[in-house]
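The sequence and structure come first.

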Amino acid sequence: MKDQQGNKNNWAERCSQNTKQLRYWTAAWVLTSALMSFGPKFIWNYDTAITLLSVLINLGVGFKMILVNKQHLRGMDELHQKIFLDAGILSLGVGLVCGLTYDLLQDIRLISFEPKIAHLVILMCLTFMTGIALGHRRYR
Amino acid sequence: MKNRLKVLRAERDWTQAQLAKELNVSRQTVNAIEKGKFDPSLPLAFRAARLFKLSIEDIFQDEEAA
């Protein structure tokens with residue numbers, strides 16, 4: 001059984017450090033996503049090699065962000081891990097159910113525009129934030 | 001699950017923040033455990049037992065078994 005007695009009193013410090021790391025890598029991922037989206041048109045005129053490199057960099061930074069997020073989750077204390085996981089489950093469930101329905105809306109002619117993945121991402125983010133807020137309220 | 005965390009803490013005149021620091025968790029976690037809203041993991045229960053120099057059963061009681 002893993003004992004944290006040796007790390008007494010430093011969970012808050014560890015959590016703060018992990019949050020900073022997560023903030024840094026999330027910002028890096030957003031920047032590389034922007035570079036990948038707008039670079040081909042505005043910077044390197046659709047040069048295939050540079051575009052491919054920007055995609056690989058974006059994926060690499062994205063995977064690093066996932067690992068840092070995992071480290072951030074493991075650095076939390078157990079109540080906050082539970083709140084985070086509950087919010088994640090809610091977000092995943094809502095994303096799956098609403099995402100599949102939303103995807104069909106154009107096919108069944110309920111909407112005239114093509115469903116966009118960005119709308120699903122926004123919905124999942126809002127659901128996750130709501131889940132976190134509800135969790136904190138529940139265990140207040 | 002019932003627990004005597006609040007009583008044991010009060011006996012030592014500790015605040016929730018002090019107990020949280022000793023247990024290496026957040027104050028919110030101590031508060032949730034004391035109110036019975038959250039059951040601690042086995043490692044955290046062991047840490048509490050060591051801190052108060054008691055057995056886990058002296059601090060936490062299973063309501064269904066009682």
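## Cysteines

The closest cysteine sulfur to that of A:C125 belongs to A:C98, and the separation of 14 Å is too far for a bond. The model is a predicted one. Seen from A:C98, the closest cysteine sulfur is likewise the one in A:C125, at 14 Å. A disulfide would need the two sulfur atoms within 2.5 Å. Across all chains, the structure holds zero disulfides.

How accessible is A:C125? Its relative accessibility is 42%, so A:C125 counts as partly exposed. A:C98 has a value of 34% and also counts as partly exposed.

By class, the contact of α3(A) with α3(B) contains three nonpolar residues, three polar residues and no charged ones.

## B:T29

B:T29 is part of helix α3 of chain B. Is B:T29 buried or exposed? With a relative accessible area of 0%, it is buried, because buried means under 20%.

Apart from neighbours within four places in sequence, the contacts of B:T29 include residues of both chains: A:D77, A:L79 and A:H80 from chain A, and B:F38 and B:L44 from chain B. The side chain of B:T29 is also joined to that of B:S26 by a polar contact of 2.8 Å. B:A17, 12 residues from B:T29 in sequence, has its C-alpha 10.0 Å from the C-alpha of B:T29.

## A:N18

A:N18 lies in helix α1 of chain A, which covers residues 11-42. The residue is buried, at 7% relative accessible area.

What does the side chain of A:N18 reach? It reaches the backbone oxygen of A:Q71, at a distance of 3.5 Å. With neighbours within four places in sequence left aside, A:N18 is in contact with A:Q71 and also with A:V68, A:H72 and A:G75.

Methods: Residues are numbered from 1 along each chain as its sequence is written. Chains are lettered from A and ligands numbered from 1 in the order in which they are written. This is a predicted model: local features need pLDDT of at least 70, side-chain atom pairs count only at pLDDT 80 or more; totals for chains, interfaces and linings use all residues. Side-chain values use heavy atoms; hydrogens and water are left out. Ala, Val, Leu, Ile, Met, Phe, Trp, Tyr, Cys and Pro count as nonpolar, Asp, Glu, Lys and Arg as charged, and the others, Gly among them, as polar. Helices (H or I, at least four residues) and strands (E, at least two) are DSSP runs, numbered from the N terminus. Buried means under 20% relative accessible area, exposed over 50%, partly exposed in between (1.4 Å probe, protein chains only). A polar contact is a pair of N or O atoms within 3.5 Å; within protein, one must be able to donate a hydrogen and the other to accept it, and residues adjacent in sequence count only if both atoms are side-chain atoms. Contact means heavy atoms within 4.5 Å.
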